[in-house]
Amino acid sequence: MSQKKYWQSFGELNNSESFQKNVQDEFAEDLPLEGLESIADSKLPRKDFLKYVGFSTAAATLAASCETPVRKVIPYVNKPQDMVPGVSDYYATTFISGSDVVPVIAKVRDGRPIKIEGNELSTVTKGGTTARVQASVLDLYDTARLRFPQQSNGGTFKEVSSFDAFDKMVTGALGSGTVVLLTPTITSPSTKQIISEFLAKYSGGRHVQYDGISYSGILTAAEASYGRRAIPTYEFGKAKVVVSLGADFLGTWVNPIEYQRGYSSLRKINEKNPVMSKHYQFEAMMSMTGANADERFTHKPSETGAVALALLNALSGQGVSGVSDKVKKGIAKVAADLNANKGAGLVVSGSNDQNIQMIVNAINETIGANGTTVSWAQPLLTKQGVDADMATLVADMQGGRVGTLIVFDANPAYDYFDADKFVAGLKKVTNVISLSEKMDETAELAKYIVPSHNYLESWGDAEIKPGYFAMMQPTINPLFKTRQLQDSLLKWSGNATGYHDYFKNFWVGRLGGEEAYNGALRNGVVEPQGSPLLIETAAGAGGRAATAVSALSSAKKGGKYELVLYQKVTIGDGRQANNPWLHETPDPISKATWDNYVMISPSLAKEILDLDLKDEKEANDFEVNNYKPVLKIKSGGKEVTLPALVIPGMEANTIAIAVGYGRSEKLGKAVAGVGKNVYHLAPGGNWNVVDVTIEKVGNETYAIAQNQTHSSYEGRVDVVKELTLAEYQKHPTTVLDERAKLLEPWGGLEKYDTEGTLYPHYEKPGIKWGMSIDLNSCFGCGACVVACTAENNVATVGKSEVMRFHDMHWLRIDRYFSGNPDDADSIQTIFQPMLCQHCDNAPCENVCPVAATNHSSEGLNQMAYNRCIGTRYCANNCPFKVRRFNWADYMGADSFEDNVTHGTVGHLDPSVHMMNDELTRMVLNPDVTVRSRGVIEKCSFCVQRLQEGKLKAKKENRTLTDSDAKTACQQACAGDAIVFGNVNSSESQVSQVRRENK
């Protein structure tokens, strides 16, 4: 096994003196004793002990001497039908956010949706989710949602008394001028029919689809190459060789849930036949997908077209030019691999340039990908917005050719690259009607506002691919006076039918009866039986690429510095920017929370910031200090100032900034002052800016909250064990051999279980819970982290507390680098999920003075929260650093009234107070305690789910199965990386995995 050095930060890489001190001081805290060197020296040791362990213990002691007040339980006056208090109901519905569509299952307790899971009946997503899907349940209870219809009066909005009064005003206004409906991609067949009926009432009316994150380049390239404007299905599960030209397909590109599952299926190692796919990544920035690649080759964004052309030429044996020597060698290697795997290779590109996408189409045709790894049988329907249509609309608005603009769920005043032109055009439109869930940047400019339902309050449908439908049904009555788009359009077109009845009639007619309709709602999906509907395989891309080759050959060269705009896997396009769960989930690469920033290379840091990261003191000061130097980025007469983070693996003169930040403060407390909007830097909707200027803004600094500079393993070796496929094929028992050698003093692997412990050996009959995580299938996306937060009532602590290393996530994903920071192509990234290991010989258990942590008969390391007195001995002794201490009353669980607002945590961020609002607290899981300050908490393997699964099996008088008990993290993972179950059962999946991959 190669002896690489793995490092999380530059301070750890250099092992600087200040880094070592920071590690030693991680749990340091002065004891609040009255001038005594030890508690034993005190005349009143018990009194001082209570001071040490914290006020919560003293409060508990005082409370014990008081009579507990009696509160009578009030039963339901009229219990809702089919609702059993304390028993969860599960409803299939569909997460729709902009053009993203994911079939899901909503868990509802006592009428409240509290958790989202993927729908395993969908053959497209196979039960996978993302961080944003998991966090979407919190959006339902967002205190900043619009609560009633409004009309603007000189820039001031006032409530309209009723929808009837509102509809009279709107229908009166609709008669003036051309009517245009602006929406994101609409995949709903019933909604499309309603839109057609509505626009038919108004001469010249039209529907424009606009996606803030544009895939227009792929769509128009497909139309130019094949005569079909669509995005094909990319079959990553059939690709032995995957080549990505800047596409973050595991993170945010097109349909990552589907791609993760397919990609991971060929990354899992079978011990008997150890083979896996090969992944090459060409890119300018360190993306999450690039971090998972086997080999990376960095280049400037302006060279993407040259790289695509060079690869096309190399595949046909022509000379390669226009790229660096390193990239040239990489292309030769990739071309050889693709030619050796004809029909089993796949090339994708994240560019929004039509010409580059046409070259990619030609490449895929050359390598035989069409019909195998690129499937036109079922093209994806969720991205249909074309940039030219939006440009035409803006021109029409500016020319006064639009009388009424109805905007639904689109926000071009914020995310359109030329938002100033859109806003100027908007002023020339007589009537602007916004149908929005929140007061976003476009809704602020409207004359009329209809507040929309949240998706969890809505009826609807979506066609993900031809013949593959996802159904939507409400899981809760609308919380406010809101209304769906479809109901508004039906009203305004003179149709008295409500959308629910319209929707039901639509699908009863399609499915052939009410029973089939009810079954579709119950399952949440309607899919073809047997073989999917076949569509003619596209061909001819190679012969139509000549114009693209010509255009790219004469493309403008880049400047000295270039910029990549990208989406984070958490915030995405910014639609959920008021969601604290997403802001607090660390970015996989930077490990930063709560802000966007400028990612720069170590060499650029030296040039622009005069920061030498090879110098121990400078490196450590930069990373440990939260305050980062600020850079000013200019492009095309536009500029933005943001703090800088140095990230290994970046192309030397390329910077990267995430979109989705800098939202209007009217969107809520969590979004106020968080980051800057950079959509306006994108030229023509292209995410690569090929010429920018960069300068340091004097001595100005800005605080960034990262969680990567603590939780050190204090120099322990072999934190990461890594083998290449060739090494594993040659010596498959390398890791086991090393472990056996390490355990020789205890009799090797066979005897360690009985000899390597101070405790007597006990047989472990019955259930023993265990988890295995396939690190080849973990991509660092963070869906599991948010799922854990939602399931287990994990506290949001806010930016200020994250900066103090007080983050509370029970599950984190550690990110390690290896390689030379000065050589971007050499950087390898390793993601390692880290949660409580539930050790059989747990060092935390025997150091707790009050036995708050103990081991269960089922192999769980348990925490009795109400017994914990906050000594943190367990955290000091945990080798994995997975325990979290509640430094403050983040959840409002303290017994003292108004403590969150005025007491010990009055200094906390507004987002923390937002999470304690009565509405927001509706998201809390009643099966899990809400912890107060002064206690340690950690992963429990979702013990409440395990108990529920055991009870279900017992009631049905059968053996427990894998499907009965799944942890939240396991269920959320689209990469199928986590396996959990009863280790003592030979039939369980976790047992089978451990037998096959020892």
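β1 gives the largest share of the lining of the largest cavity, three residues. Let me set the ground rules, then come back to that cavity.

This is a predicted model: local features need pLDDT of at least 70, side-chain atom pairs count only at pLDDT 80 or more, and totals for chains, interfaces and linings use all residues. Residues are numbered from 1 along each chain as its sequence is written, and side-chain values use heavy atoms, with hydrogens and water left out.

Helices (H or I, at least four residues) and strands (E, at least two) are DSSP runs, numbered from the N terminus.

Cavities next. The search uses a 1 Å grid over the protein atoms alone. A cavity is a set of points where a 1.4 Å probe fits but cannot get out. A pocket is an open set with protein on both sides within 12 Å along at least five of seven lines. Lining residues have an atom within 4 Å of a point. Grid points are joined across faces, edges and corners, and a volume is the space filled by probe spheres set on the points.

How many cavities of 30 Å³ or more does a search of the whole structure find? It finds 15. The largest cavity holds about 850 Å³ of space. It has 43 lining residues, and I96, S97, G98, D409 and E437 are the closest to its centre. At least two lining residues each come from β1, α5 (131-140), α15 (412-415), β15 (431-436), β17 (460-465) and α17. By class, this lining splits into 14 nonpolar, 19 polar and 10 charged. For the classes, Ala, Val, Leu, Ile, Met, Phe, Trp, Tyr, Cys and Pro count as nonpolar, Asp, Glu, Lys and Arg as charged, and the others, Gly among them, as polar.

The second largest cavity has about 600 Å³. Its lining has 38 residues, with G246, D248, V564, L565 and Y566 nearest the centre. β20 gives the most, three residues.

Elements giving two or more residues are β1 (88-97), β2 (100-109), β3 (112-118), α19 (514-523) and α32 (943-955). α32 has the largest share, seven residues. The lining counts eight nonpolar, 10 polar and 13 charged residues.

Last, helix packing. Axes are lines fitted to C-alpha atoms, for helices over the stretch in contact, and angles run from 0 to 180 degrees between N-to-C directions. Contact means heavy atoms within 4.5 Å.

Take α7 (residues 189-199) and α17 (residues 485-492). They pack at about 25°, axes 9 Å apart. That makes α7 roughly parallel to α17; the label covers angles under 35 degrees, with over 145 roughly antiparallel, 65 to 115 roughly perpendicular and the rest oblique. T191, I194, I195 and F198 in α7 meet L485, Q486, L489, L490 and W492 in α17. That contact has seven nonpolar, two polar and no charged residues.

Compare α14 (residues 387-398) and α16 (residues 419-426). Their angle is about 40°, with axes 7 Å apart. So α14 is oblique to α16. M390, V394, M397 and Q398 in α14 meet K421, F422, A424, G425 and L426 in α16. The class count is six nonpolar, two polar and one charged.
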